[in-house]
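Good morning, and thank you for joining. I would like to take you through the fold of the model now on the screen.

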Amino acid sequence: MGGGLLLSKYSVGVGDRFAHQGKPQLQACRMAAAQGVEVIPVWNKSNREHTIIGSTPAGTRAAANEAVRALGWSKPYHLDADHINLKSVDNFIEACDFFTLDVADKIGQPAQAAALRAFVEGHPDLLGELRIPGVAHPFRIEREFVMRVANKYLAAVEEAGRIYRHIEEKKGKGQFITEVSMDETDSPQTPAELLIILAAVAEEGIPIQTIAPKFSGRFDKGVDYAGDLAKFSQEFSDDVAVIAFAVRQYGMSGNLKLSVHSGSDKFSLYGPMHHTLKKFDAGVHLKTAGTTWLEELIGLAEAGGEGLDLAKEIYGQAYSQREALCVPYASVISIDPARLPAPAAVEKWSSELFVSALRHDPKSAAYNSSLRQLLHVGFKVAAAMGSRYLDLVSALENTIAKNVTANLFDRHIKPLFIGGC
Ligand SMILES: [Zn+2]
């Protein structure tokens with residue numbers, strides 16, 4: 001590879017719905033650096049998010065640049081065109097230097113017979129007993145398995161190739177970081193499938209630096225992991241081993257690493273992930289969702305007065321618009337309507353009560369994951385308030401910033417990248 005833009009070993013994809021929290025987020029990366037651990041920030045925002053809010057990638061770029069300037073950040077930082085495809089990519093070309101090619105739609109679309117045959121015949125290396133350093137049991141891969149997996153994923157990889165070349169034509173080779181995402185699909189990919197997918201990506205000539213598979217278990221937005229933790233840990237570890245193997249076997253980018261589209265707050269995974277990263281001396285890209293906006297709400301509520309009133313008003317509106325707000329996120333949230341307090345009851349809440357219901361502290365009895373998820377998808381309500389919301393966010397900047405930084409550093413960066421928690 002060489003010469004081009006390279007993603008560092010540890011990176012964190014931060015979401016910032018309203019582009020007001022660049023500095024406090026960057027501050028969390030600065031705190032990691034002060035402890036000798038380099039974690040590179042990547043501002044990620046999907047087309048879906050931009051559309052709902054009415055923001056633009058240029059606006060995200062301006063906010064990121066401003067934060068970097070204000071804090072004197074001299075390490076790299078990036079802007080991720082998150083989950084783009086051929087239809088949506090053009091809006092992001094100029095502002096972004098990181099592109100997440102979402103090809104989940106093409107998974108399962110049968111491959112062309114000739115391409116399928118060529119792939120299988122070109123990969124006798126995948127057949128038989130395959131020993132991958134770091135994987136406890138050798139893979140036993142039959143020809144039929146390679147056929148089946150290739151048939152399921154080749155069309156998706158070819159689509160990634162088309163998107164990659166489209167961007168390369170406009171930005172130039174080596175001028176951007178490429179990720180391929182396959183997480184927004186129904187069934188998880190096994191480590192053996194990941195190996196076959198990587199072989200296909202290498203063949204397609206896409207210089208990916210990260211890949212986001214779908215892992216076992218539920219990755220709902222803004223709440224902790226729900227699933228078999230031991231199974232996830234095994235899968236994550238085997239995937240890391242497979243990537244190291246594919247780098248050598250197929251000459252892929254030496255910094256290739258997993259991207260975990262966490263949907264934010266997968267606290268219970270950080271310990272096992274940290275252990276694996278240390279064991280393999282591997283990197284990871286952790287993508288979080290836009291829970292920074294929830295820290296804005298927490299900060300508003302914590303400030304009391306007008307801030308608390310506005311937070312309650314946003315909850316009330318989100319409550320009455322629940323069904324419409326949830327539609328775009330239906331597969332990644334699980335709200336129990338019976339657990340949502342009536343807005344009239346919330347009206348009477350103290351600042352402390354509101355904060356403890358919303359703040360993601362699973363140990364706190366007052367924490368309410370349904371309320372949290374509803375507010376998480378409720379950013380459209382705040383967006384519709386326009387300057388009424390943003391002016392108050394600016395006025396209460398200090399209370400909010402404290403929450404944004406502590407959330408990102410204490411609950412994410414520290415347990416995953418620094419460890420010792
Ligand atoms: Zn994703």
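**The barrel and its helices**

In this predicted model, 8 strands close into a barrel, running in the order S1-S2-S3-S4-S7-S8-S9-S10 with parallel pairing. Neighbouring strands of this sheet are turned by 25° against each other on average, direction ignored; angles run from 0 to 180 degrees between N-to-C directions, with axes fitted as lines to C-alpha atoms, for helices over the stretch in contact. Helices (H or I, at least four residues) and strands (E, at least two) are DSSP runs, numbered from the N terminus.

Strand S1 (residues 10-14) pairs with strand S2 (residues 40-46) over 4 bridges, where pairing requires at least two bridges found by DSSP. Helix H17 (residues 397-418) packs on the sheet, touching S1 and strand S10 (284-287), and its direction makes about 150° with that of S1. Contact here means heavy atoms within 4.5 Å.

Let us turn to helix H6. Of its 14 residues, 11 are buried, so H6 is largely enclosed by the rest of the structure; buried means under 20% relative accessible area, exposed over 50%, and partly exposed in between, with a 1.4 Å probe and protein chains only. Among the buried residues are Pro-191, Glu-193 and Val-201. Gly-205 follows H6, with a positive phi near 75°.

Finally, Trp-293, Leu-294 and Leu-297 in H9 meet Arg-372, Leu-375 and His-376 in H14.

A note on conventions: residues are numbered from 1 along each chain as its sequence is written, and side-chain values use heavy atoms, leaving out hydrogens and water. Local features need pLDDT of at least 70, side-chain atom pairs count only at pLDDT 80 or more, and totals for chains, interfaces and linings use all residues.
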